[in-house]
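Hi there,

Here is the structure I promised to pass on.

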Amino acid sequence: MKTILLSPTLDKISMLNTELWFYLFVNEEFNFNMSRFSDNAKSLYTEDLFCKNKYAYRVSMQVKNLPKYQVSNRTATMGSYFSMCYEILSSYIEELIQIVKNCNRINYRMSPVCGPEDNLQRCLHRGNIIQVNNNIINTIKYFRLLRNKIIHLSSTPSHTLTNLINAESINLKNYWQIQSPNNTLDFVKSDFNLYTLDEIFEMIKLMRVCVQQIDSHIVVNINLNNMIIKVLEQYPLRLNSLSCTRKITKIQNHIWNLISLRLTEQEALSYI
């Protein structure tokens, strides 16, 4: 069973992951083509050697200097992809909070001074619902603080990030080594530029796992009947002209496709 948010969120992360691999593919092709140029060719300016490229004059530098800018471009691109993945994770949590509030009728107003992961925990606490494993919450917090450093172009880590690393890095490393034995992250780096390519992909993978684990936790701790009602309101069916049997079957298939829940005929009948 899953919430209505899970599949589209995982699809978005997978799409960004594929786009990142595409970028790396193009990058490797660039390196291969650069290696084929002679030293004389590399001494030319981009607008001379790449005269058919309409953007070559915008770059306007000697070709031999391109790799230096490629490194900084790669760093910026990796940071952008990581930040976009975090935004997907953040949006998922914020929408999930609304689902929890609606399904369990919780009166909770999100705090602007808290991250989405902390707001989720506070909302669950307000509704007397078991909170999400704290290691997952601190992992998301680590990603959020790392992302903040990237987008604000900060030269030094925030005190909050430094304190989190000092207090939780060992716990997070141990937790994820159990959850994912191949995990190589140690959660001690406060500078995104120090991460290897494999570690960046590992962090994106963990964002996906965090979404899955949070979703699995929430669906067994919220009012299921209210969730089904909200799903049917959000994705209504046209049932008027159908027989009762066909209505039941259509509702059963609809709920299964959306939230992977199998309703009995009697259960489906109650939603007609």
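Below is what I found, going from the whole chain down to single residues.

First, a caution: this is a predicted model, so keep that in mind as you read.

**The whole protein**

Let's start with the secondary structure. Along the principal axes, the C-alpha trace spans about 80 × 50 × 35 Å.

As for the surface, the accessible area comes to about 15,600 Å², and 51% of that belongs to carbon and sulfur atoms. On the inside, 43% of the 272 residues count as buried. If you take the contacts with a separation of 6 or more, 59% of them are between residues 24 or more positions apart.

**The core**

Which residues touch the most other members of the largest nonpolar core? They are Y142, F192, M203, I214, I255 and I259, out of 74 residues in that core. Several helices supply at least two residues each, among them α1 (6-35), α8 (159-179) and α9 (197-219). The helix that gives the most is α5, with 14 residues.

Leaving aside neighbours within four places in sequence, I255 is in contact with I228, V231, L232, S260, L261 and L263.

One of those contacts, S260, sits in the loop between α11 and α12 (265-269). The phi of S260 is near 55 degrees, which is a positive value in a residue other than glycine. S260 has a relative accessible area of 24%, so it counts as partly exposed.

**Helix α6 and what follows it**

Helix α6 covers residues 116-126. Its buried residues are P116, E117, N119, L120, Q121, C123 and L124, and they pack against α5, α7 and α9. Take Q121 as an example: its relative accessible area is 8%, and because buried means under 20%, Q121 counts as buried. Not counting residues up to four places away in sequence, Q121 touches Q131, V132, N134 and I137.

After α6 comes N128, in the loop between α6 and α7. N128 also has a positive phi near 55 degrees, again in a residue other than glycine. Is N128 buried or exposed? Its relative accessibility is 76%, so N128 counts as exposed.

**Two more places to look**

M15 is in helix α1 and counts as partly exposed, at 48% relative accessibility. M15 and Q121 are 106 residues apart along the chain, and their C-alpha atoms are separated by 28 Å.

Finally, turn to the surface and find M1, V220 and L224. Together they form a nonpolar patch with about 260 Å² of accessible area. L224 belongs to helix α10 (residues 224-234), and its relative accessible area of 31% makes it partly exposed.

Conventions:
Residues numbered from 1 in each chain as written. Predicted model: local features only at pLDDT ≥ 70, side-chain atom pairs only at ≥ 80, totals over all residues. Heavy atoms only, no water. Patch = residues over 30% accessible without salt bridge, like charges linked within 9 Å, V, L, I, M, F, W, Y side chains within 5 Å. Areas by Shrake-Rupley, 256 points an atom, 1.4 Å probe, with all protein chains shown as cover. Salt bridge = Lys/Arg side-chain N within 4 Å of Asp/Glu carboxyl O. Helix = DSSP H or I, 4+ residues; strand = E, 2+ residues; numbered from the N terminus. Buried < 20%, exposed > 50% of the residue type's maximum accessible area, 1.4 Å probe, protein only. Contact = heavy atoms within 4.5 Å. Core = buried A, V, L, I, M, F, W, Y, C linked by side-chain atoms within 4.5 Å.
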